[in-house]
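Have a look at the picture, then read on.

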Amino acid sequence: MDYVIRPVRADEWQSVRDLRLAALQDPVAPVAFLETYEQGLKRSDDAWRERTVAASQDGAGAVRQFIAEGPDGRWAGTVSVLVERPDDEARFGDAAPVDQGHAVGVFVRPEARGTGVAEALFRAALEWSWSLDEPRLERVRLYVHEDNPRAAVFYRRIGFAPTGETVPMPGDPTARELEYAVARP
């Protein structure tokens, strides 16, 4: 695998935007993301800058976005981890029962799928999660749509397990999002 896995830098907002917009055009985007391509297009440059700074290696620590950068500089994939604490307002699903990470925004470009990029992104995201001293995260969770079996198989393969918790899909209460988690080693 010829990709460098690293956190985004604060000045890379245009690349963050471009990769997110590519993700929102993926055929599984309606079951993988809580945002549409049209909503992403409407975000201002300032909003993309703020989002990138907050998730960068220089950010305050409540979120970190990792990317896979190819030898040509093109970004092949991404994953972000949000820090959730029991006293925080729940962003999605139930409030955190313990200090935990929440993996979101998972995307790998089609041409990079099956190359180990997704595994490497998650390895970096989990290493960062376990490296935090304050708060010390007890687990990392994520949600996968019940109609996204490809993602569910991948998450199981890298160590995430279904918790049995489910939440309705925002905008479609007939659909369910399934919680998966991996405990601190």
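**Notes on the fold and on R64**

1. Let's begin with a spot around R64: a polar atom of the R64 side chain sits 3.1 Å from the backbone oxygen of S56. Keep in mind that this is a predicted model.

2. Where is R64 in the chain? It belongs to strand β2, which covers residues 63-69.

3. R64 is buried, and yet it makes no salt bridge. The nearest side chain of opposite charge is D58, at 7.7 Å. A salt bridge would need a side-chain nitrogen of Lys or Arg within 4 Å of a carboxyl oxygen of Asp or Glu.

4. Which residues does R64 touch, leaving aside those up to four places away in sequence? They are P7, A55, S56, Q57, G59, V79, S80, V81 and W128.

5. Now zoom out. The protein chain has six helices and seven strands, and from the N terminus on they run β-α-α-α-α-β-β-β-α-β-α-β-β. The radius of gyration is 16 Å, close to the 16 Å that the globule rule gives for 185 residues, so the chain is as compact as a globular protein of that length. Along its principal axes, the C-alpha trace spans about 40 × 40 × 35 Å.

6. On contacts and surface: among contacts with a separation of 6 or more, 63% join residues 24 or more positions apart. Buried residues make up 46% of the 185. The chain exposes about 9500 Å², with carbon and sulfur atoms supplying 50% of that area.

Notes
Residues are numbered from 1 along each chain as its sequence is written. This is a predicted model: local features need pLDDT of at least 70, side-chain atom pairs count only at pLDDT 80 or more; totals for chains, interfaces and linings use all residues. Side-chain values use heavy atoms; hydrogens and water are left out. Helices (H or I, at least four residues) and strands (E, at least two) are DSSP runs, numbered from the N terminus. Buried means under 20% relative accessible area, exposed over 50%, partly exposed in between (1.4 Å probe, protein chains only). Lys and Arg count as positive and Asp and Glu as negative; His and the chain ends are not counted. A polar contact is a pair of N or O atoms within 3.5 Å; within protein, one must be able to donate a hydrogen and the other to accept it, and residues adjacent in sequence count only if both atoms are side-chain atoms. Contact means heavy atoms within 4.5 Å. The radius of gyration is taken over C-alpha atoms; the globule rule is 2.2 Å times the number of residues to the power 0.38. Accessible areas come from the Shrake-Rupley method with a 1.4 Å probe; for residues, only the protein chains shown count as cover.
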